[in-house]
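I opened this notebook to record what I looked up in one structure. The entries follow the order in which I consulted it.

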Amino acid sequence: MLPKEYRLKNKAAFSATYRIKNSFYKDGIVLYAGKLKADNENPTRVGFVVSKKTHKRAVRRNRLKRLMRESYRLMLKNNETGNAQNYMSLIFVGYEKAVGKNFDEIQNSIKDLIMRLK
RNA sequence: UAAAGCAGCCGGAUAAUCGCGCCCUAUAAGGUGAGGAAAGUCCGUGCAUCCAAGGACAGAUUGCCGGAGAAACUCCGGACGGUGUGAACCGGUGGAAAAGGACCACAGAAAGAUACAGCCUAAGUUACUACCAGUAAACGGCAAAGGUGCAAUGGCGAGGUAAGAGCUCACCGACGAUAUCGAGAGGUAUCGCUCAGGCAACCCCCAAUCGGAUGCAAGAUUAAAUGGAAGGUUAUAAAGGUGUCCGCCCACUUCCGAAAAAUCGCUAGAGAUUAGGAGUAAUCCUAAUACCAGACAGAUGAUUAUCUUGAAACAGAACACGGCUUAUGAGCUGCUUUAUUUU
């Protein structure tokens with residue numbers, strides 16, 4: 001898990017991020033990027049979403065969210081997030097295709113998505 | 001030894017690295033952190049808010065007996081019926097002539113009153129041939145044997161008869177009465193001017209019980225903010241609320257937009273574990289012990305290695321509790337039954 005200050009929290013922030021429609025797709029994962037930062041006071045906040053429509057079982061959804069979150073956390077720790085830190089918020093949405101993949105596959109997808117941010 | 005039946009257990013472990021929620025201290029360190037079903041949301045409760053004067057009419061639930069339990073489409077023990085060689089298992093199990101209605105697909109003549117194929121080798125009336133006698137032609141009698149169907153008006157045998165029929169009789173079954181045993185459901189025995197399609201998981205009847213609605217996104221407090229549109233307004237109150245109607249309550253109601261923060265509710269309990277006692281059991285009583293998730297975009301994780309047993313199944317708390325139902329890998333334990341072999 002990420003510390004609290006790195007998490008995207010309320011509904012308004014989520015809808016604000018979606019509204020910008022700056023998205024990228026890779027192997028069942030979609031990345032939405034929010035506004036560019038005005039200053040560097042707050043860290044980039046990240047949300048992870050797997051809808052109930054994607055998969056019925058909570059255990060599988062949790063697994064996908066945790067893998068995505070862990071991938072991002074490790075990148076953050078190793079300072080590999082690159083341009084991602086210029087954005088106020090990021091949302092990763094997992095879809096059916098990504099359910100059941102292992103850690104390496106998820107991490108590659110996340111890495112690829114982040115590299116595409118400018 | 002094999003195949004079954006029932007009950008129960010387990011629900012991965014260890015190490016390393018990197019992490020998260022909550023508690024406590026306060027950068028650290030420490031403690032603690034999903035389930036047997038947390039699931040489905042099918043029952044029942046607690047708790048919360050709103051409504052509920054009353055009348056009439058509706059409504060809901062339950063349905064063999066006894067017990068347990070806060071209650072339950074709950075549990076335990078028993079009765080009865082059914083299935084199985086058996087251990088055992090299954091059963092929403094009051095009332096279907098003596099209240100009433102509806103329905104009973106297909107097939108079949110007929111699924112509430114019927115005769116398709118038949119029988120009545122001629123008993124009755126008629127007809128035909130002159131009588132006797134013959135003829136199932138008409139009236140009529142029959143429902144036993146045939147076919148259909150889940151089901152055809154209790155089964156089977158004998159008597160009886162023109163042929164037949166509980167028409168009569170024996171045995172069995174059902175129903176009722178009496179006696180007796182039992183706490184009771186019921187069991188047993190005897191008797192009878194008794195013999196009646198099914199369906200009440202359709203309405204209905206009977207008996208018993210029940211304030212209702214909405215669910216923790218309930219709801220309470222604090223802080224902040226309070227724009228627009230439509231309708232209503234001193235009353236016959238439209239809308240709204242109360243199961244319906246009457247009645248009653250309410251001066252604001254509905255929709256859209258914006259903003260959506262913190263605290264409480266929130267986890268010490270119809271709890272848990274252990275021991276003892278009562279009881280066939282469900283369960284209850286007593287004592288001791290410890291405090292054992294509480295998030296709010298929502299923690300309980302990721303990777304690697306080794307091992308069990310191979311690559312660990314089903315599956316993730318969201319106010320809480322009691323049940324039911326469904327899902328579940330590999331393995332283990334106990335008791336019981338049947339079959340076979342040996343002694």
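Which residues have the most contacts inside the largest nonpolar core? I noted first that the model is a predicted one. The largest nonpolar core has 23 residues, and those with the most contacts inside it are Ile29, Met68, Leu90, Phe92, Ile106, Ile110 and Leu117. I then listed the elements that give two or more residues to this core: S2, strand S3 (45–50), H2, S4 and H3. H2 supplies the largest share, five residues.

I next looked up Met68. Neighbours within four places in sequence aside, Met68 is in contact with Ile29, Phe48, Val49, Val50, Phe92, Gly94, Ile106 and Ile110.

I turned to helix H3, residues 103–115. At 1.5 Å a residue, its 13 residues should span 18 Å, and the end C-alpha atoms are 18 Å apart, which agrees. The buried residues of H3 that I recorded are Ile106, Gln107, Ser109, Ile110, Leu113 and Ile114. These residues lie on the same side of H3, because they cover an arc of only 160° around the axis. I found that they pack against strand S1 (22–26), strand S2 (29–33), helix H2 (58–77) and strand S4 (89–94).

Not counting residues up to four places away in sequence, I found Ser109 touching Lys26, Asp27 and Ile29.

Methods. Residues numbered from 1 in each chain as written. Chains lettered and ligands numbered in written order. Predicted model: local features only at pLDDT ≥ 70, side-chain atom pairs only at ≥ 80, totals over all residues. Heavy atoms only, no water. Helix = DSSP H or I, 4+ residues; strand = E, 2+ residues; numbered from the N terminus. Expected span 1.5 Å × (residues − 1). Buried < 20%, exposed > 50% of the residue type's maximum accessible area, 1.4 Å probe, protein only. Arc of directions from axis to C-beta. Contact = heavy atoms within 4.5 Å. Core = buried A, V, L, I, M, F, W, Y, C linked by side-chain atoms within 4.5 Å.
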